Amino acid sequence: TSLGLAGGRLAPGDPADFVLLDLDDPSLAGAVPETLLAGVLFGASARAVRATWVAGAPVVVDGRAAPGRPSDEAVVAGFRAAMGRLWGAG
């Protein structure tokens with residue numbers, strides 16, 4: 001609700017953004033409930049993210065782009081092109 005959007009509950013029509021983390025990933029090793037949030041925010045590696053959903057739709061599944069989403073390679077290529085335009089190299 002900090003953005004003025006509905007949230008804080010699971011109900012039909014409400015936004016539903018989730019992330020699934022691998023708590024056995026070495027970057028989160030040793031985290032206990034009291035330190036898990038800090039560990040995720042400041043120390044989790046990208047490989048610890050196993051899946052994400054935005055507005056209830058899968059974006060990442062098993063660490064890769066979900067079916068029907070742009071491939072990882074396409075996302076990287078688009079990012080490089082945008083940075084090239086931004087920095088005047090493309």
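**Figure 1. Salt bridges in the predicted model.** Three salt bridges are counted in this structure, a salt bridge being a side-chain nitrogen of Lys or Arg within 4 Å of a carboxyl oxygen of Asp or Glu. The structure is a predicted model, in which local features need pLDDT of at least 70 and side-chain atom pairs count only at pLDDT 80 or more, whereas totals for chains, interfaces and linings use all residues. Residues are numbered from 1 along each chain as its sequence is written, and side-chain values use heavy atoms, with hydrogens and water left out.

**Figure 2. Close-up of the salt bridge between Arg47 and Asp25.** The closest N and O atoms of Arg47 and Asp25 are 3.1 Å apart. Arg47 lies in the loop between α1 and β2 and Asp25 in the loop between β1 and α1, so this pair ties together parts that are 22 residues apart in sequence; helices (H or I, at least four residues) and strands (E, at least two) are DSSP runs, numbered from the N terminus. The loop that holds Asp25 runs between β1 (18–21) and α1 (36–43). With a relative accessible area of 5%, Asp25 is buried, where buried means under 20% relative accessible area, exposed over 50%, and partly exposed in between (1.4 Å probe, protein chains only). The side chain of Asp25 also makes a polar contact with the side chain of Ser27, at 2.6 Å; a polar contact is a pair of N or O atoms within 3.5 Å, and within protein one must be able to donate a hydrogen and the other to accept it, while residues adjacent in sequence count only if both atoms are side-chain atoms. Leaving aside residues up to four places away in sequence, Asp25 touches Ser45, Arg47 and Ala48, contact meaning heavy atoms within 4.5 Å.

**Figure 3. Close-up of the network of Arg64, Asp72 and Glu73.** Asp72 forms a salt bridge with Arg64, in which the closest N and O atoms are 3.0 Å apart, and the side chains of Arg64 and Glu73 meet in a salt bridge at 3.6 Å, N to O. Through shared partners, these salt bridges join Arg64, Asp72 and Glu73 into one network. Asp72 is partly exposed, with a relative accessible area of 27%, Arg64 is partly exposed at 46%, and Glu73 is partly exposed at 48%.

Figure 4. Strands β1 and β2 pair in the antiparallel sense over four bridges, two strands being paired if DSSP finds at least two bridges between them, and Leu21 stands opposite Val49 in β2. Strand β2 (residues 49–54) is in turn joined by four bridges to strand β3 (residues 57–61), and these two run antiparallel. Within this pairing, Ala51 has Val61 as its bridge partner in β3, and Thr52 has Val60. Thr52 counts as buried, at 17% relative accessibility, and touches Phe18, Val19, Ala57, Pro58, Val59 and Val60 when residues up to four places away in sequence are not counted. In a regular strand the side chains alternate between the two faces of the sheet.

**Figure 5. Close-up of a nonpolar surface patch.** Phe79, Met83, Leu86 and Trp87 form this patch, with about 500 Å² of accessible area together. Patches are made of residues with over 30% relative accessible area and no salt bridge, like charges being joined within 9 Å and nonpolar side chains (Val, Leu, Ile, Met, Phe, Trp, Tyr) within 5 Å, and accessible areas come from the Shrake-Rupley method with a 1.4 Å probe, with only the protein chains shown counting as cover for residues. Leu86 is found in helix α2 (residues 72–86), and Leu86 is exposed, with a relative accessible area of 56%.
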